[in-house]
Each structure stands twice: as structure tokens, then as C-alpha cells.
Amino acid sequence: MIINNLKKHISIYRIIVLIILILSIFQNCSKVSFQPTEDSLLSFDCGKNCPWESVQFTAGTQGLPSLKLFFIVDNSYTMKSNQVNLSQSFDKIFDSNNSSNLTPFDLTVYLITTAQNSLSYSNPQLNLLQNYYKNLSQLKNLSLNTVTANERNTFLSGALPGDIIGYDIKQDVRQNLITFSPAPVLGLKDQGNGTFSFESGIHKTANESPHLVKTDFKNRLALLDPERSPTNIENPNHENLNVKFDELVDSESGLCSIARILRDNDPFVNPGDLPAFIVVTDENDSNPAGDKCVRSYQQFTGQEDLIKGYCETRKTKFEYEVTNSVGSKCTSNYINGYRLNYEATTQVPKTNITYSTINGYFFVSPQTTLSYRKIISKKYPSTIVRFFLKDCPIRDGVPVESQCVYNRETRTVYNDLAPDCNSMAKAINRNALLNSPYSPTCESGGLIDRANCSMTNNNCVIVPSDQNVSLTVVGDFTTSNALCMSRGQQISDVYIHSDYPITCTLSSNFNGMGPCPNNTPGCVTQATYANRSYLVDGDFSSESLCRQKASSLPGAFIDSSHNPSCTLTSQPTLLTKTFNIPFDSSNGSDPLTDPGQPCTPNFRNQVLNQISTQDDTKNWPTNGTCTVVQQNSQSKDLSMSSTNANSCRTNSLKECSESSLLKKRCLDEFIPAHSVTERSPFIINEELTCDSLCKASKTNVCQLSSSPQITENSTLQEYFLKIKNGANCRSSLESRNTVGNPFEDKLLSEANKICIPVNGLPTYLVQTGAPYRSNELIVDFVSGSQKIGKNNYAPGKNLTNYIYNRSSELFSANQLPITTVFIRRTNDNVGTGGSIGIAYEELINKMNGKKESVQSDDYSSALINLSQVIKSRIQRSFTLNQLKPYQRIRKVFLRARGTSDWMALEQSDWVASGNTVTINEKVNFNSGDDFQFSYY
């Protein structure tokens, strides 16, 4: 429905139609039987007893949803100029010259990095990194100046989650659980009195100036300057490992950033909010599959008690009884056939088949003794490189040159002294200075032991043993020098040199279980056999039939040396079949036979005739026993419009007179007009009984009313008696699984914490497996996990599909988050160290978003366009904070400013997400027009 102009004069005819329409809407609220539906927690139409509520908003000024802006910015080395560009253009979102600026709205801005890829569980750097992160609650005991000086100086420590890597790491030692959670760049807010607080988002109310938002955002963005990041985390225990921040930062995954926010959405965004994701990066996403976007690791050692099960919410099915009157009924019951059983004993031929099966394999192989020289050590020349690093404080994303300091670094590298010392210094640290007086210097560091030194490298010095050593292997490798050399090269510590050839000498044979190992010359695989016997029905004594039947038996092995043998035998077997035989109307001589009696000759002949026509090899004898199992009956409804007891008997005899046989056993029954009790069910999503009070319900199943009197202290049974005219109330507990895949591993000690409330309703643990013990690493990926084997998990779906599906779940498929990406587009220049953002283009296509060029000299116009899209969406959205969890919006009405006429919108004209309603773009309205939302 398109509303063009409600201010125009409405004709008398249209007024009459509108009145009739409104009356028809509310006239239909009379009592009706309610049926279960899935669009509300109260699964029935409550008719005129619905406690209709409504709220009215003025478009453009009231009921606006909360706006959440997520800037996801790449903080790798090549991004510095792009970060400065974003910082200088950010003001355009709030600029008064921008007619679509976001100043009038309540909003929160988050800044998070694309450095999201998780270290593997087995990586020793993971433990080092999580120990390196500071505990924010402990830092609150320090002064703001102390924390700023130690953590947010011109050179970052990297110890605050979010400063360099976009996730925080927490460890629960008791459960061997490591979790990764989204970590935005934090703000430090001075609370006065020497205290401060960490702020994950930058919040502004609709009435506040955007000045603090712009200042705080730029200050946080300056923290992502790659020149402020430390290269490594030094290990406090002085072990031979460290975390290289550069490696983590250069594995950019903006898709993982968005997915983390949506997966653990509660602290950041919820249904009813209006989210916008803005990605700024010059690299394609490094991990669109999501196999490095980990939410948690949990290592079970086999010492914990685990359970299997799932979480569910309880549903209660209520039934109330309603009495209805029905007319008289007349029925006729008569016998129309029999169920017969035929039993006979016969000699059935059987064949005992004996055949061979393979019991196992073994191999017989010669052995070869290899004589060779062993490598004792490998040495490699090293170089000592000395270079300078420049460190300048950053203000608003720009270095302050006057305050720069120059620190000298010394590194020893395993490489021969290179003629280009500058290149070597730059390879160690990309920030190394090259020009005088800060030029790097290089000098020889001598030969150093190097395990990964290759014999093909001319700089590698290899020291062999003085004498030959020997190794005996399975197989004959003496047939040629090439074969001997090839086998010798497989030895990990062999020294290969023309002066010290590898020699092969044949030695004694070797027997082993199973087939020959791979690449084993001269080895022969042999099998062991065992006999097995089967008794089968039928005669298979001939040689051809015996081989054919034996080949179909389990494990059979047949060749010229292993032929099966078949011995014919027979044994008495009781054969039984059951038949349904109808009356033969052409033969009226068969008397009626009661169950348990022998078959009449006619019925016996019919049974034998059916047996003879069946494809049966058992040769059924004709002297078997035929007995009646039951009489088959049929019932016909003889009711008429004026049925009574007298006419029923007449109708019954007439119906039964079709056959002399049927007439003998024809019965009739007359049921006069009477009351029938019917049960009408409905379901609510909680656990209740008929005696539960109305106030005990979390979904307000009782529609409180003054006529008749129903209060919070009324029972559900009382509610049904008074409101629904029910004679009785019955309830039975049902359950509904609330998780897509049942969990397989949880700590039993944490069973009461596994299931959390859903929409305020309690959730219960249903245990499907007894406590057990497991030794396994369980990986939960952000995009969901699927188990494909022990210790083997994979993401449930790629990150783009997960973002779309999760967004649809939180906000509906019609209200996806606004998404914009600043990337190198398909036709853009790749430049130095960049790549086309193919994965982000796929995301934009899925989310109906916008692509911008990260190589643009000015992001102002792109951010202005973004603010226009956001403002258009937010001014079409209305948030009903008073809406309770069990209530749903049913009707939406629009009234043009200055008029008194309300027009009902079609269901297709609006969409609800949480407690927020968004009006479709095809509906035309102006700022100042009124909307009314009715709900129950």
C-alpha cells in the first residue's frame, strides 16, 4: 500500500468504507476457539479478551532505535595513510553541512581491528600471549596517569586487549577452557577522584554534542598506528620463544571481526538496534573459511566427568473440555469374513556349506644392511646486523617529528654476510632506518650450529662421522646402485658424498604380520586361511550351485586351491501362514464359524488354493491344520435425518438382508441424541500446571479481565472455567530443544550452568548420556562447529554465510545490518603489499551493502553517503521499549500531520525485529506524521 497524501480531503464514501473496515476489525474479537500458532508465546487467538495495548510516535523525533556503528580497521603496516584518511574524514558523519548527519541520534561507536585470527591450541605462543594480557580489573586500582604512561604512551605495550589484536583471551584452569571474545579498542574515561573506567564504546545521546565522539574516535584510531606497535612480546621466563605481533596483525580477517560481534552480540548489539559495519582494509580477508576464527578451545584430559545432552525450554500443553450436542445415531455391525491360520509340518531340504575365509596376512621379505657415513653436525655462517629505529609520538594520527628518538637494535641472523646490508636490516624490521647517520652495519658472526642447514646450500658446512655406521631395513635393495642410493637417501642423518658411497648387503629373511610395507622390493605377501560352515535352506549339493551359493556367504574366499563343499540334509519344519478370506456370496452353504474352530471345507479349499499359487519352494502338504483366528466385521452408519429407535431396527434388518449369511450375525445399535465432550488444546512456552497461579506465569497466559473477575491469584483452571467455559483443565509437559546441535562434551560439575535462560524463560538440561571420560581437544569456531572425527573439528560454515544467517536470526532477513567496505575493488590498482578484497565483495553482495575504494584520497563523500543510508533507515524505525518479551506487534496505523484520519498499513508494509518496527520504503510519509502501534 502506498500512501501518497493523507492531508487531502477524504470523501464521504471513503469515510464510510473506513468506518466499516475499523468496525469489522474489532467486531471480530468475539470468542473463538483458539488454535496453536508459532508467531507468539501465547499460541492462540484470544479474541475480545486480548489485552490490546498501543503506543504512538511522531516520525523523525520519537521512538528512534539505538544506532551502533562498528568501524573495523586494518592495523597492518601498509595501512597508516588509510588510517589518517579515515581520521580526517570521520567528522563528515556529524558535519552540519551534511544534511544526513547523525548528530540528532542516540548512537554508540566501536573501533576494532582486523587482527582476529587465533593461534592454534598447540602453539606455545598462545599461553604466552594470554599471560601477557593485563587484567583490566586490577589496573583500575592504578591512577589514570600511570596506566596511560605504561600502556598508551607513544609506544604501545600491547598488553591491553584491543590495542593491537581484536580479541581478548580468558582461561578457566578448572575446565581447561580458553575463550576468545571480541575486544574493541578501549577508551580510558576519567571519573574524577583519581579513578577511571574502561569504555568499550563511545556513546552519545540524541541531545549531546558529537564533539567528544569525534575526539575519542580519533584518539583511539591513533592507537592502531602500526609504528606504535611492539614487534615482539618478550617472554618473562626467558624461554626460547616469543609472540610476533607483526605475524598476528598481518593475518587480517575483518569477516572474523564482524562474526565475533554477532556471535557474542549481547554486550554490543541486540535485536531492535540498528547496526552498521564499516570495514577499512587494503587486503583481502585472510581466512574467509573461518578455520582460524576460534571462539574457544577446551582440552579434556580424561580426568573430568563429562556428559552428553542438550538444552531445552519446556512447553506445557493445556486442554480444556467443551460440551457439544450431537444428533441420534444408528449403526449396523455384521460379519464379512474370517482370518484363518494354516499350519503344516514338512521336511525342508537344507545344505551345510563349508568354505574358506582369509584369517589374516603375513609377509616374507629379504633384509638389506646399509652402510653409510652419519652427519654429526651442520654449521652455517651468521651475520650481526645493527640498525636504528625511529620512535615518534602520534597526535591525531600524525607523527610529531620534533619529539622523535632513535633506538639502536642488534640482531644475529643465520645468513651469510650479504653485500646489501640495508636489505638485510629491512628484512629484520621494516621500520629500520637506511640513511646516514643512521645507516645499518653488518659484520660476520662466525659459524653457528644450524639444524635446518641443507646439503644443497653451498654456505652450509657439514661434518660427517669418521667411520661407517649400518642400518638393516626390510627389502632387497642390492639389485642396483641406484636402488641402494635411493633407499639410503631416506635415512634422516645420512651423509651423501661421492667419496663416501652408500653400500647395500643382503642379509637373512624377515617375517612380519600384515601385507608387505610400501616400496619393499623382493617382499611377498601371503595369507592364512580358516574354515567356516553355514546351514542354508535349499538343495545346493551340485558343484556349480555350491560354489555359487558359497560365494555369497560372508567372508568367502574361493579359488582353485580353496573350493567349498556342500552336504545335503533335511529336517522337519513347522510352516505357518495366515489368510484373510471374505464371504463367498455365491456359496451360501458355509455356516458361521466361531474363532478357535476348524475351517469349513470351503474355507480350507480357498487356503490351499492360495498356497499353491504362491512362489514357495517348501512344498506345503495338504494335510495341515486350518483354524479360525477371528471373525472380520464391518460397520455401517444407517443414520437418517429423523432416526429413532424403531426405524433403526428396520434399517438394520434391511441392511443385513443382502445375504442369508450376513443376516444371521447382524447387530444394530441406536444412540439417542447426547452431549459430546471435546478437548481443545493450546501450548505455552513454560512449565505450568492447572493449579499454577496466573502471576506464576512468565508469559502471562491469563488475560486478566474484570468481567468475569480474573486476578493474578486466580489459577489457570479457574481461568479456563470462567473465560473459556471449560468443564475441566488438563496439562501435560512437553519440551522443545533450544540448541541446533546437542552438545557432546560438558563438565558435569557445570551442568547447572550449561543452559541459560532464553527470553527470560528457564532452560533445562536434558542429559542423554551418562557421565563419561574423554581425552580430546574440542574446538568451537565462531561460525559454529561440526565434529568430523575425534580431535577433528571444522567450522560449521564460511564466515560470509554465517554473518548473513546470524544477522537474519538477530534482525530478520529484511533488516540486515548496514554494511560498507573500504577495500581494493576488482578494478583498483593492487599497489604494494595489497590485494583485491574478493571476500568482502562477496559479503557486500550477500548483505546488500556498499563497496568503496580504500585507495581514495578522501573518504568524506563515502562517509556522507553512508550517513544518508543510516539516516533513511533509522527515521523509518521505531522502538517500543515497553513491549514485553511475550508480546507481539499486530497492527500499524499511519496518520498524516494535521489530520485526524488513521490508515491501517498492510502486513507487507512493515517488519518487526525484536521490539523495533521498520516501515517499508514504499510507504511515503513525512517527518511529523504519526504512527500508532497496537500489540498484545
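A salt bridge here is a side-chain nitrogen of Lys or Arg within 4 Å of a carboxyl oxygen of Asp or Glu. Keep that in mind.

This is a predicted model: local features need pLDDT of at least 70, side-chain atom pairs count only at pLDDT 80 or more, and totals for chains, interfaces and linings use all residues. Residues are numbered from 1 along each chain as its sequence is written, and side-chain values use heavy atoms, with hydrogens and water left out.

Confidence next. pLDDT is the predictor's confidence in each residue, from 0 to 100. The chain averages 83, and 86% of the residues score at least 70. Residues 1-50 are below 50. Beyond near neighbours in sequence, that stretch has 79 contacts in the model, a contact being heavy atoms within 4.5 Å. Where pLDDT is low, the predicted coordinates should not be read in detail.

Back to salt bridges. How many does the structure hold? There are 28. One joins the side chains of R152 and D163, at 3.0 Å from N to O. Both residues lie in the loop between helix 5 (144-151) and strand 4, so the pair ties together parts that are 11 residues apart in sequence.

Helices (H or I, at least four residues) and strands (E, at least two) are DSSP runs, numbered from the N terminus. Two strands pair if DSSP finds at least two bridges between them.

Four strands run in the order 4-5-12-31, with antiparallel pairing. Strand 4 (167-172) and strand 31 (775-781) are the edges, each pairing on one side only. From one strand to the next, the twist averages 15°. Inside the sheet, three bridges join strand 5 (residues 177-182) to strand 12 (residues 294-301). T179 has S296 as its bridge partner in strand 12.

What lies across strands 4, 5 and 12? Helix 3 (residues 124-132) does, at about 100° to strand 4. Axes are lines fitted to C-alpha atoms, for helices over the stretch in contact, and angles run from 0 to 180 degrees between N-to-C directions.

Next, a hairpin. Strand 6 (residues 187-192) and strand 7 (residues 195-199) run antiparallel, joined by five bridges. K189 stands opposite S197 in strand 7. Two residues sit between the strands, and N193 in the turn has a positive phi of about 60°.

Last, the surface. I376, L447, V461 and V463 form a nonpolar patch. Patch residues have over 30% relative accessible area and no salt bridge; like charges are joined within 9 Å, nonpolar side chains (Val, Leu, Ile, Met, Phe, Trp, Tyr) within 5 Å. Together the four have about 330 Å² of accessible area, by the Shrake-Rupley method with a 1.4 Å probe, and for residues only the protein chains shown count as cover. L447 is in strand 18 (residues 441-449).
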